Amino acid sequence: MLPSQLSSGDVIADRRADYAKMLAEGGEPASAGELMEQALELVPHWAAGWFTLATYREKAGDAPGAIAALNEVLALDAGDVFGARLKLAVLGAVAVPDRPPSLYVERLFDDYADRFETSLVGKLGYSVPGKLAALIAGTADISTHFQLAVDLGCGTGLFGPQIRGRVDRLEGFDLSKGMLAKAAEKGVYDHLGQADLSLEPLLSGVFDAGLAPGRADLITAADVLMYLGDLHGVMAITRMLAADNAVFAFSVEDAEHPEGYVLRHSLRFAHSEAYVREVLADHGFAVQDLARSIIRMDAGKPVHGILFITRKSA
């Protein structure tokens with residue numbers, strides 16, 4: 001559910017918000033913002049309303065007004081379920097965070113689960129699962145069959161069918177219960193569990209599944225790392241899960257500049273090849289192969305990505 005669809009609890013405020021949405025969809029974001037301001041006079045503690053107002057103000061070119069509204073969101077919603085801090089970073093009002101709030105990511109994908117595949121694959125041309133599986137198959141000097149694969153951030157399970165025939169056991173972990181329910185419908189995973197990509201929650205979920213660290217010979221993360229900035233945490237997880245010589249196959253959005261990572265207006269992170277290589281080396285992984293590719297469309301423009309096949313040192 002979008003923030004603008006969350007009820008304020010006041011009928012008149014909701015009606016004004018509905019009219020504001022109509023104005024925004026009609027290309028009048030400044031007028032929509034004025035109407036949202038009237039709604040918020042009635043319900044000043046409506047966090048979703050402030051977030052919607054920020055969106056209208058940003059579209060109207062009022063960055064200071066958008067920043068002020070986003071600060072109201074954070075004052076009302078300490079858990080930042082709307083990702084207001086990410087928006088503030090994009091607008092230059094705060095430093096870029098290392099990662100988005102977990103509550104924001106969980107809500108985003110729970111709300112998106114029912115239409116995820118139709119939208120991402122059907123409309124946006126998402127192609128990472130097939131391309132990543134093909135790159136694994138075509139990389140020299142790595143195994144063609146795996147005993148135990150762990151699919152981090154498995155989502156609705158798009159990657160599972162691509163690799164199922166080449167693994168004895170397939171585990172999937174995701175933060176979103178809605179996504180996991182869709183993955184379960186595919187019937188290709190031996191175990192699915194809810195887990196964050198922060199270290200302790202994920203490993204707790206893995207232990208509950210009976211999988212000790214150091215046993216996975218394939219770990220995958222297809223279209224996941226763009227929801228993290230600093231990759232050291234997820235690489236620590238990967239190192240602990242991976243057996244010696246295990247393969248870690250993953251994708252990132254290509255920052256298309258030589259250093260670090262950036263937060264884009266999509267609220268996803270893009271990473272440079274040099275940064276990814278540095279983090280991999282720090283955690284004992286070496287790049288075996290990589291490929292650059294268009295991984296999806298976004299607002300009618302191609303999103304460029306890098307697919308990596310890496311291996312843990314013995």
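1. Strand E9 (residues 301–312) supplies the largest share of the lining of the second largest pocket, four residues. Strands (E, at least two residues) and helices (H or I, at least four) are DSSP runs, numbered from the N terminus. The space in this pocket is about 200 Å³. On a 1 Å grid over the protein atoms alone, a pocket is an open set of points with protein on both sides within 12 Å along at least five of seven lines, whereas a cavity is a set where a 1.4 Å probe fits but cannot get out; lining residues have an atom within 4 Å of a point. A volume is the space filled by probe spheres set on the points, which are joined across faces, edges and corners.

2. The model is predicted: local features need pLDDT of at least 70 and side-chain atom pairs pLDDT 80 or more, while totals for chains, interfaces and linings use all residues. Residues are numbered from 1 along each chain as its sequence is written, and side-chain values use heavy atoms, without hydrogens and water.

3. The lining of the second largest pocket divides into six charged, three nonpolar and two polar residues. Among them are Glu253, Arg264, Asp298 and His304. Asp, Glu, Lys and Arg count as charged; Ala, Val, Leu, Ile, Met, Phe, Trp, Tyr, Cys and Pro as nonpolar; and the others, Gly among them, as polar.

4. How many cavities of 30 Å³ or more does a search of the whole structure find? It finds one. The largest cavity has a volume of about 30 Å³, and its lining has seven nonpolar, no polar and no charged residues. Helix H13 (residues 273–282) gives the largest share of that lining, three residues.

5. Asp223 lies in the loop between strand E4 (216–221) and helix H12 (232–241). With a relative accessible area of 10%, Asp223 is buried (under 20%; exposed is over 50%, partly exposed in between; 1.4 Å probe, protein chains only). Its side chain makes a polar contact with the side chain of Arg296 at 2.6 Å; such a contact is a pair of N or O atoms within 3.5 Å, where within protein one must be able to donate a hydrogen and the other to accept it, and residues adjacent in sequence count only if both atoms are side-chain atoms.

6. Strand E2 (residues 167–174) is mostly covered, with six of its eight residues buried. E2 pairs in the parallel sense with strand E1 (residues 146–152) over six bridges, and likewise in the parallel sense with strand E3 (residues 191–194) over four bridges. Pairing requires at least two DSSP bridges between two strands.
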